[in-house]
Amino acid sequence: RKRIPTGDIFKGLPIGLTGKLDRERLKRLIQRGGGRLDNIIHKKIYCVVSDVDAYKHRTQRVRKAMKYGIRVVRSQWVEDSYAKRRKLELEPYEITDSSS
């Protein structure tokens, strides 16, 4: 797969954040990658980036994501996608009830 320009990695994707994360760093990577952070979780959100604790404690944003069928993923998805200059698949980064 070819690498795309940095600004097209997350082009136009609304992404949510929840939990104890390096928010400033993630915000910078997402925005540089052409995505945008949304504080409100709605049906059009691409994914919610979370830590395992926030998922296990079912924060409001995690509950909303589950309600709308939105994937909840580790912050490493943002880091790896940015480093590889392409939007990686969410599945390997997905947080589920069996995540530790």
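## Arg25 and helix H1

Arg25 is partly exposed, with a relative accessible area of 33%, a label that here covers values between the buried class, under 20% relative accessible area, and the exposed class, over 50%, computed with a 1.4 Å probe and protein chains only. Arg25 lies in helix H1, and helices (H or I, at least four residues) and strands (E, at least two) are DSSP runs numbered from the N terminus. The C-alpha atoms of Arg25 and Gln76 are 12 Å apart in space, while the two residues are 51 residues apart in sequence. This is a predicted model, in which local features need pLDDT of at least 70 and side-chain atom pairs count only at pLDDT 80 or more, whereas totals for chains, interfaces and linings use all residues. Residues are numbered from 1 along each chain as its sequence is written, and side-chain values use heavy atoms, with hydrogens and water left out.

Helix H1 spans residues 23–32, and within it Leu26, Leu29 and Ile30 are buried. They cover an arc of only 95° around the axis, so they sit on the same side of H1; the arc is that of the directions from the helix axis to the C-beta atoms. The cover over the buried residues of H1 includes strand E1 (14–17), strand E2 (36–37), E3 and helix H4 (76–84), where contact means heavy atoms within 4.5 Å. Just after H1, Gly34 takes a positive phi of about 90°.

## The chain as a whole

The protein chain has 4 helices and 4 strands, which follow the pattern β-α-β-β-α-α-β-α when read along the sequence. Its radius of gyration, taken over C-alpha atoms, is 13 Å, which agrees with the value near 13 Å for a compact globule of 100 residues; the globule rule is 2.2 Å times the number of residues to the power 0.38. Taken along the principal axes, the C-alpha atoms fill a box of roughly 35 × 25 × 25 Å.

Of the 100 residues of the protein chain, 40% count as buried, and among contacts with a separation of 6 or more, 62% are accounted for by residues 24 or more positions apart. The accessible surface comes to about 6,000 Å², of which 45% belongs to carbon and sulfur atoms; these areas come from the Shrake-Rupley method with a 1.4 Å probe, and for residues only the protein chains shown count as cover. The protein chain has 25 positive and 12 negative side chains, with the centres of the two sets 4 Å apart. In that count Lys and Arg are positive and Asp and Glu negative, while His and the chain ends are not counted, and the place of a charge is taken as NZ of Lys, CZ of Arg, CG of Asp or CD of Glu.

## Ser50 in strand E3

Ser50 is found in strand E3, which covers residues 47–50, and at 2% relative accessibility Ser50 counts as buried. Leaving aside residues up to four places away in sequence, Ser50 touches Thr18, Leu21, Tyr55, Val62, Val72, Val73, Arg74, Ser75 and Ile95.

Arg74 and Leu21 are 53 residues apart in sequence, and their C-alpha atoms are 9.6 Å apart in space.

## Helix H4 and what follows

In H4, the buried residues include Trp77, Val78, Asp80, Ser81 and Tyr82. What covers the buried residues of H4 includes E1, H1, E3 and strand E4 (71–74), and H4 is in turn among the elements that cover the buried residues of H1.

Arg85 is found in the segment after H4 and has a positive phi of about 60° although it is not a glycine. At 23% relative accessibility, Arg85 counts as partly exposed.

## Two loop residues

Arg58 is placed in the loop between helix H2 (52–56) and helix H3 (60–68), where its phi is near 50°, a positive value in a residue other than glycine. Arg58 is partly exposed, with a relative accessible area of 25%.

Asn39 lies in the loop between E2 and E3 and is exposed, with a relative accessible area of 61%. The C-alpha atoms of Asn39 and Gly16 are separated by 6.3 Å, although the two residues are 23 residues apart along the chain.
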